[in-house]
Amino acid sequence: MLGWEYPPVKSGGLGTACYGLTKELAALGHDIIFIAPFAVTSEKSKHLNLLNLSQYRIKQDSISLKDRILSQFKLTAEMKKHVTYEFITSLLNPYLSEETYRQKYSQELLELGRILRARKNFSKIFRTIDNYEIEYNEHDRSWETKQIYGENLLQEVYEYAIKAERIALQYDFDLIVAHDWMTFEAAVRIKHLTGRPFCAHIHATEFDRTGGNVNQLIYELEKLGLAEAEMIIANSHFTKDECIRYFNIDPRKIAPIHLAIDKDEVAGEHSDFDVAKSGNEKFVLFLGRLTMQKGPEYFLRSAAKAVKFYPDLRFIVAGHGEKFSALVELASALKIADKVFFTGFLQGEDIRRVLQKADLFVMSSVTEPFGLVTLEAIKANVPCIVSKTSGVSEILNHVFKVDFWDTSEIANQMVAIMRYPSLAQTMRENAAREAEAYTWSWTAKRTAQVYERLLGCGKKERAYAR
Amino acid sequence: MPAKLCLYFQVHQPFRLKKYTIFSAERDQYYFDDEKNRQIIQSIAADCYLPANKLLLELIKKYKGRFKVAYSITGTAVEQFQKYAPEVLASFRALALTGCVEFLSETYYHSLSALYSKTEFIEQVEKHREMLLEQFDYEPKTFRNTELIYDNEIARMAEALGYEVILAEGVEHILGWRSPNYVYQPAGAGKIKLLLRNCKLSDDLAFRYNNRLWPDYPLTPAKYLRWIEQLGDAAVNIFVDYETFGEHIKRAENIFEFLHGFIKEAAQSEKIEFITPVEAARFKPAGEIDIPAATSWADTQKDLSAWLGNNMQKDAAQNLYALEKEIKKTKNKILLNDWKRLTSADHLYYISTKYLGDGEVHGYFSPYKSPYDAFINYMNVLENVRKRLKLLANAAGREDKRVVVKKTKKGVKKMVAKKKTKKAAKKPAKKKAKKRK
């Protein structure tokens, strides 16, 4: 399994999802090798073999790749053309050719792979062409200071791909699973190298993250991964529809499986915190990255409207992101700066604490492929208002579903939940019962079914090829 | 002895509320969605009330006294027929003139007042009585409470109001070994008779008729008749929503053909005699039925849980009835009328979370996307009612009312100048109704 985040190192829902899913998959008897770019082994990684790629370095090789291939193999003219790219150079300086890299380089490399594969000794040759080696350095700690989604993300994605490919050869496995575009390149490479089936998990598309203003390269990577995958698992019908609409993927190979939440993950008595609160103020929580996609400004605009009707309202904006300073300014402009608290990025225990403090959770996302945090809020006994354009809104009935832009309606609902305890209580009780159905064990079972179907097919095909 | 067959149809339409937010509560004093109500009334009139009335009128005339039927029509439905579909009212009047139709008494607003306020309950029953007298020249003798909500206390109240017969649901777990197909007496009451709905036969028609998974699908007049005839010397009460014919079950499912065929065969059958509820008063009761906790005809639970099942519903109902005394004190007719319209049980029914997600009956009838939206809407309206009440109370406390009108907001002007505006508003409504005729 290839993933970009794994707890405790994580930024959003992806890491949580990977943890929940792998834990239950392991319980079902699956052996999982999880390759993450940065990872720390902890309690949460006991059930799988977690590989931290930062501890592997790429050894540079002085011998020209081109020469090596030419000297070792009799290549056709067409194939020579493909290997004129200087692999090592572009590897080390991916930004030089970033625009063209995906379209030409990788496609042609794959093309080469296909040709070589036809010769049946492809893996041996491949190993030779990519004549780099990786070395393991246990004491290397430099990566610890890195950001999980750093400035050189594309380069890291790229390094991840070639390192993962190398490592994959050291292990025996039946299935390649990759989470989101960051790992798709790696998955596709491993697939072509080993001939194992590839199942892509898609948690969000580039269209969700950017609101249509896509990064072409990422889009291409996503498209490649989705097109190459034998099976795609989308986290909601919403995401499935996006895959069909934007990536032109065959709907038959996309299985929507909703995410879940563990019972013990966010536990806590709501009443404990009522006591700790000073005065009558009620807390409304926004929890998520402060980006366009998450719609924090709609939250603040709703807040400004609601506070006129319920002056005891206080608002917590938890998360970090590029919109932070703009949001602080907006809060001042709306004259609610004294009622809004910006907490910065929260994780783990802090999330639990902030959820327990909250009387209401609002997810005003412009697009939200799933919205796992809603399930966390429900588990913490917090009533929720969620955007209609979210994956969770497909599975939940006992939450308010609202158009993210309809700030008056959000304010209307905020005030009602605060004013009428019977409403909040009914929502809490019913939503908790409803969310119980969505456990990781259920999600993992359905995921495993997809995997097994895929393996069944894969085996048949391979047998047929022999 | 032939089997006695008693058919009774419920006709009810509430005044549905419009989208009403906290912002509306600041300035808007009109709560009802006239446009939606008009559309619904006119569409159901065309699909159900008019064709069904026409069919039954023909059958009554054809079988001269052998076919009889009972209706319970709520005041809120009649008011809306007057406004939006006067021809429906005319067709009911034509039915009333045949003498083969009984009209039942109930609460004018189809409310739960029997459970919350005896004074309000009596007022609403009286108002409904007056309405029946005025519209159909009919003096009702039979009482059926909202949604067949019934308990011993309600039977006592009905008897005290002079009714001879009362209707209730034939709840299986209360009846035990007893059959619903007899006339009973309520426990602790005097002479009043109790008729129980035959759930199985009623629901066969109302809910299972178009269910293709039902083993007895399709239901034919002959089959249905046979089931009733088999009961022998009994009083079978089939009570359903009138909207079953053509609205819940569409014309395309041949429901009108079924109704026609069934009544035709039943009227000709020697083994069946049509009666209306009031005629059951002359039967000797088979025993006493004790129902201390309220039952109803709703859902599978047959209790109050469709209207008062969750805390929001209880909260909403308590908030509503808590306003009663103060509103009556103001003697402001517009405010009182608005409040009374809010007592319709439908507003609470929409807040039910019982079957949310299953796409069950509640969702079908509700104009809201979710019970939570319904609750907010309702509570925001009540918030405004409270505001008006406060303004009126303040105004009443001052000596010179004209000063108040000048100084305060628009809303107050409206309310104080009520007499003029009310008359002005009534006239054009009547004119419109005439035009539609």
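**Cores and interface of a predicted model**

Me: Which residues of the largest nonpolar core touch the most other members?

Reply: A nonpolar core is a set of buried Ala, Val, Leu, Ile, Met, Phe, Trp, Tyr and Cys residues joined through side-chain atoms within 4.5 Å; buried means under 20% relative accessible area (1.4 Å probe, protein chains only). Here the largest such core has 99 residues, and A:Leu2, A:Phe198, A:Leu285, A:Phe361 and A:Tyr451 touch the most other members. At least three residues come from each of domain 1 (13-60 + 132-260 + 444-465) and domain 2 (270-435) of chain A, with bounds from an automatic or database domain assignment. A second, separate core of 98 residues includes A:Leu327 and B:Phe121. This is a predicted model: local features need pLDDT of at least 70, side-chain atom pairs count only at pLDDT 80 or more, and totals for chains, interfaces and linings use all residues. Residues are numbered from 1 along each chain as its sequence is written, chains are lettered from A and ligands numbered from 1 in the order in which they are written, and side-chain values use heavy atoms, without hydrogens and water.

Me: How is the size of an interface given?

Reply: Often as the accessible area lost when the parts come together. Between chain B and chain A the buried area (1.4 Å probe, summed over both) is about 1,800 Å², 63% of it from carbon and sulfur atoms. In contact (heavy atoms within 4.5 Å) are 20 residues of chain B and 22 residues of chain A.

Me: How many salt bridges are there between chain B and chain A?

Reply: A salt bridge puts a side-chain nitrogen of Lys or Arg within 4 Å of a carboxyl oxygen of Asp or Glu. The count is two. A:Arg419 forms one with B:Glu383, with the closest N and O atoms 4.0 Å apart.

Definitions and conventions: Buried means under 20% relative accessible area, exposed over 50%, partly exposed in between (1.4 Å probe, protein chains only). Buried area is the accessible area (1.4 Å probe) that two parts lose on being put together, summed over both.
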